[in-house]
Amino acid sequence: MKEFMDKDFLLSTETARHLFHDYAETMPLVDYHCHISPREIYEDRRFDDLAQVWLGGENPDGTYFGDHYKWRLMRSNGVSEEYVSGSKPSFERFVKFAETLEMAIGNPMYHWCNLELRQFFGYDKPLTPETARECWDFCNEKLRHDPGLTVRGIIKKANVAMVGTTDDPIDSLEWHEKIAADPTIGVKVCPSFRPDKAINISKPGFAEYIGKLAASVGKESLDSVEDVCAALTQRLEFFAKLGCRASDHGLDYIPFRPCSPKKANEAFQKAMAGEDVSVKDAERYQTAILLHLGREYYRLNIAMQLHYSCMRNMNERMYAKMGPDTGFDAISQNTCGEAVARLLSALDAEGRCPKTILYSLNPADNEQLGTILGCFQSDELPGKIQHGSAWWFNDTKSGMEAQMKSLANLGLLGNFVGMLTDSRSFLSYARHDYFRRILCNLIGGWVENGEYPNHEASLKKIVEGICYNNAARYFGL
């Protein structure tokens, strides 16, 4: 029987162990898509306790923050919401989470949490209800006093080269400006452009948001699709000046319904007047905005990330109470692969197709995405069109293996830009370690099975590329 989570955790062959310990383990990491706060980086926040880091809770304004992966698990264990996201004492909430984690055999959260305890705190016992008090006291002492466990210390300890936050076009980016002006911050912190609210014409609050977008560019109103495009371009150029390397679109599905400017404007005017907008009209407007942004991403050398096939806020009662991103989303089934390809094709026909990373939350789309990639690659750089890392509910051992096997079968795994955290927790950098172990075990198995030669230079190039070098090239570090 193997020891739990020893130094060779998940590495089942000698080749896998060699690739991980000699190449992958020490490479810097590029966390090119996450949801952490740039303010907390600038202020070098120090957390009070593990519950604050892991579980979060309710903000003074009634909104919620925290790791909804953990919240979902606790709810599945029958834990009352007052312990999950509520106001119960921190240690009591932590114990409830420890009781939940004990039951999470086979869930990646079990591995992530124990990896975080080991990597950042040096606590090497499994977290259980019996060890909860010891773990709590041991880790909190370090959180409160260890100079290496402030936010910047955690980033440094994890060997992070670049952080890509997720920012709305109307954001002032004041914390990014302060970070850029502070030479003591040794990591690139780049804003990422997330214009979903300007695209989601059929969702509540659209007209109000367009008013805010107008104010962000010094205008009283935006009266046409052309005005919206101009405002988004102005904001995108501001993002680019502060080092923006990527955009991000979190859409229910990818539409593609090209139309005349007149038709797109008709849809926009209906939405701004508070009238119902048909699906067809909404897709016309959305397509016009996506095409415009794709062209601008190409011009400014910004990667376009497309995330889709998520059913969001499925529990209406809890959404009304807690708002979005609180653990009530699910995998959707959409047949928009053709629309994805047609969007890329339209941009390619103009010679303005940007670097693009495609993610579907539905793993059934892996092979479809793998074949779409090959239709739009370019000599501009290897792997210009990417199949993004296993996302959200696919961010598991089997999900990562499935995504990488699909990419290897249908494209070039060696050009993959690798892992991201997509997380709101600074401790989540341990997920890169998890990914790298799975990667090296997968490749090591192929080598030991005679499916790829044991050629040192090639294996080194592939592993170091996927861990860091490909992303560094892709995002221009």
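**Exercise 1. The buried side of helix H14**

Task: In this predicted model, determine which residues of H14 are buried and what covers them.

Solution. 
Step 1. Four residues need to be named here: Ala264, Ala267, Phe268 and Ala271 are the buried residues of H14.
Step 2. These residues cover an arc of only 100° around the axis, which puts them on the same side of H14.
Step 3. H14 comprises twelve residues, 261-272, and its first and last C-alpha atoms are 16 Å apart, close to the 16 Å expected at 1.5 Å a residue.
Step 4. Beyond the helix, H14 is followed by Gly274, which has a positive phi near 80°.

**Exercise 2. The span and the cover of helix H7**

Task: State how far apart the end C-alpha atoms of H7 are, and how many of its residues are buried.

Solution. 
Step 1. Helix H7 (residues 108-121) has 14 residues, which should span 20 Å at 1.5 Å a residue; the end C-alpha atoms are 19 Å apart, which agrees.
Step 2. Twelve of the 14 residues of H7 are buried, and the helix is mostly covered. Among them are His111, Trp112, Cys113, Phe120 and Phe121.
Step 3. The elements that cover the buried residues of H7 include helix H3 (50-54), H4, helix H6 (90-102), helix H8 (132-145), helix H9 (151-157) and helix H20 (430-448).

**Exercise 3. A four-stranded sheet**

Task: Give the order of the strands in the open sheet of four strands, and identify which strands stand at the edges.

Solution. 
Step 1. The order is E8-E9-E12-E13, and the pairing is parallel.
Step 2. Strand E8 (249-250) and strand E13 (385-387) stand at the edges; each has a single partner strand, so one side of each is left without a neighbour in the sheet.
Step 3. The bridges may now be followed across the sheet. E8 and E9 pair in the parallel sense over two bridges, and Gly250 has His307 as its bridge partner in E9.
Step 4. Strand E9 (residues 304-308) is joined to strand E12 (residues 356-360) by five bridges, and the two run parallel. Here His307 stands opposite Tyr359, while Gln305 has Ile357 as its bridge partner.
Step 5. Five of the five residues of E9 are buried. Met304, Leu306 and Tyr308 point one way from the strand, whereas Gln305 and His307 point the other way.

**Exercise 4. Rings and charges**

Task: Classify the pair formed by the rings of Phe193 and Phe239 from the distance of their centres and the angle of their planes.

Solution. 
Step 1. The pair belongs to a structure that holds 19 aromatic pairs.
Step 2. The ring centres of Phe193 and Phe239 are 5.1 Å apart and the planes stand at 90°, so the pair is edge-to-face; the cut-off for this class is over 60 degrees.
Step 3. Phe193 lies in strand E6 (residues 192-193) and Phe239 in helix H13, so the pair ties together parts that are 46 residues apart in sequence.
Step 4. Phe193 is buried, with a relative accessible area of 0%, and Phe239 is also buried at 0%.
Step 5. Other rings can be listed. Trp54, Phe91, Phe94, Phe97 and Trp136 form one aromatic cluster. Lys355 lies over the face of Tyr474, at 5.3 Å from the ring centre, and Arg431 lies over the face of Tyr69, at 4.9 Å.

Notes. Residues numbered from 1 in each chain as written. Predicted model: local features only at pLDDT ≥ 70, side-chain atom pairs only at ≥ 80, totals over all residues. Heavy atoms only, no water. Expected span 1.5 Å × (residues − 1). Buried < 20%, exposed > 50% of the residue type's maximum accessible area, 1.4 Å probe, protein only. Arc of directions from axis to C-beta. Contact = heavy atoms within 4.5 Å. Pairing = 2+ DSSP bridges. Phe/Tyr/Trp six-rings, centres within 6.5 Å; stacked < 30°, edge-to-face > 60°. Lys NZ or Arg CZ within 6 Å of the ring centre and 35° of its normal.
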